[in-house]
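Reader: I am new to this structure and would like to learn how its features are read. May we take them one at a time, with the general idea before the case?

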Amino acid sequence: MEKQNNIASLMLVVGCILFGLGSLIVKFVPVGAYAIAFWRLLIASGIFYFLMKLKRQHFPKSKKALFFAALSGVFLAFDLAFWHESIYTVGPGISTLLNSLQIFCLAAIGFVFFAERQSKLQILNLFLAIVGVALISVEELHHNIDGIYGIVIGLISAVMLAGSMVMVKKVHQEEQTALFPLMLIISLTGALVLLVPSLIFNSNNLYPTTWQDWGLVVIYGAVMQCIAWCIAHFICDLFRLKTLEINVPSLTLREL
């Protein structure tokens with residue numbers, strides 16, 4: 001058990017670095033919020049397809065499982081787009097904290113619909129987290145009145161991410177699905193959903209214009225979408241976490 005904790009801790013540190021760098025890429029690459037989310041998911045789709053074929057994994061046969069996986073992709077697409085909008089307005093730090101508040105949505109959904117219970121320590125941690133985020137947000141508004149939009153859209157992104165995670169749980173309730181096919185469906189559906197909004201809202205900055213920016217966008221899709229999800233999945237496997245709890249590692253990564 002101690003060895004598992006050490007491995008998980010190491011993976012959390014690695015994931016923390018990856019998530020932090022991801023928000024910086026979004027901040028400094030001149031591509032629109034919807035467009036960079038589209039490229040992230042499209043690039044990840046190609047990688048997950050390759051990994052699925054390499055591991056000889058298969059799509060779920062259940063139509064309901066396919067539907068919930070696609071719906072998870074829709075939620076994830078707008079989670080990323082709204083998170084990016086928040087990054088542009090209030091910066092990578094606060095926007096990431098706001099997005100991480102999806103844990104409150106998950107806790108409420110788990111309590112109401114899945115009979116999941118939180119310990120007193122977990123409830124205390126949740127309370128302290130929201131107080132901390134509130135204090136930071138208030139300070140931001142003192143010198144950035146436009147930050148109201150960034151805070152609101154960041155909170156909406158948290159709701160979108162919670163919805164995506166719930167749909168992942170619904171997939172596994174219908175049929176146990178391997179990671180790579182599941183993430184391929186989620187990523188590809190998300191990319192397709194974002195295509196039209198990207199063309200409408202980000203027509204002037206739809207794609208990177210330099211090789212350096214293209215490289216950063218590829219890293220954003222390959223590392224932040226693919227490797228980060230694999231890290232979360234790996235940690236959950238170590239501790240046999242329930243499907244809805246797969247976001248616990250990602251929450252920890254984002255708040256560290």
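Author: Let us begin with what follows a helix. In this predicted model, helix α2 is followed by R56, whose phi is positive, near 55°.

Reader: What span does helix α2 reach from its first C-alpha to its last?

Author: Helix α2 covers residues 33–55, which makes 23 residues. The span reaches 33 Å, close to the 33 Å expected at 1.5 Å a residue.

Reader: How should I read aromatic pairs, and how many are there?

Author: Rings pair if their centres lie within 6.5 Å, and planes over 60 degrees apart count as edge-to-face. By this rule there are six aromatic pairs. One of them joins F38 and W39, with 5.1 Å centre to centre and 70° between the planes, so the pair is edge-to-face. F38 and W39 also belong, with W214, to one aromatic cluster.

Reader: Are F38 and W39 buried or exposed?

Author: Both F38 and W39 are buried.

Reader: Where does the charged end of R40 sit?

Author: The charged end of R40 sits over the ring of Y220, at 4.8 Å from the ring centre.

Reader: Which residues form the nonpolar patch on the surface?

Author: The patch is formed by L121, L124, F127, L128, I130, V131 and L135, with about 680 Å² of accessible area together. An α-helix has 3.6 residues a turn, so residues three or four places apart point the same way. V131 has its place in helix α6, residues 120–143.

Terms used. Residues numbered from 1 in each chain as written. Predicted model: local features only at pLDDT ≥ 70, side-chain atom pairs only at ≥ 80, totals over all residues. Heavy atoms only, no water. Phe/Tyr/Trp six-rings, centres within 6.5 Å; stacked < 30°, edge-to-face > 60°. Buried < 20%, exposed > 50% of the residue type's maximum accessible area, 1.4 Å probe, protein only. Lys NZ or Arg CZ within 6 Å of the ring centre and 35° of its normal. Helix = DSSP H or I, 4+ residues; strand = E, 2+ residues; numbered from the N terminus. Expected span 1.5 Å × (residues − 1). Patch = residues over 30% accessible without salt bridge, like charges linked within 9 Å, V, L, I, M, F, W, Y side chains within 5 Å. Areas by Shrake-Rupley, 256 points an atom, 1.4 Å probe, with all protein chains shown as cover. Salt bridge = Lys/Arg side-chain N within 4 Å of Asp/Glu carboxyl O.
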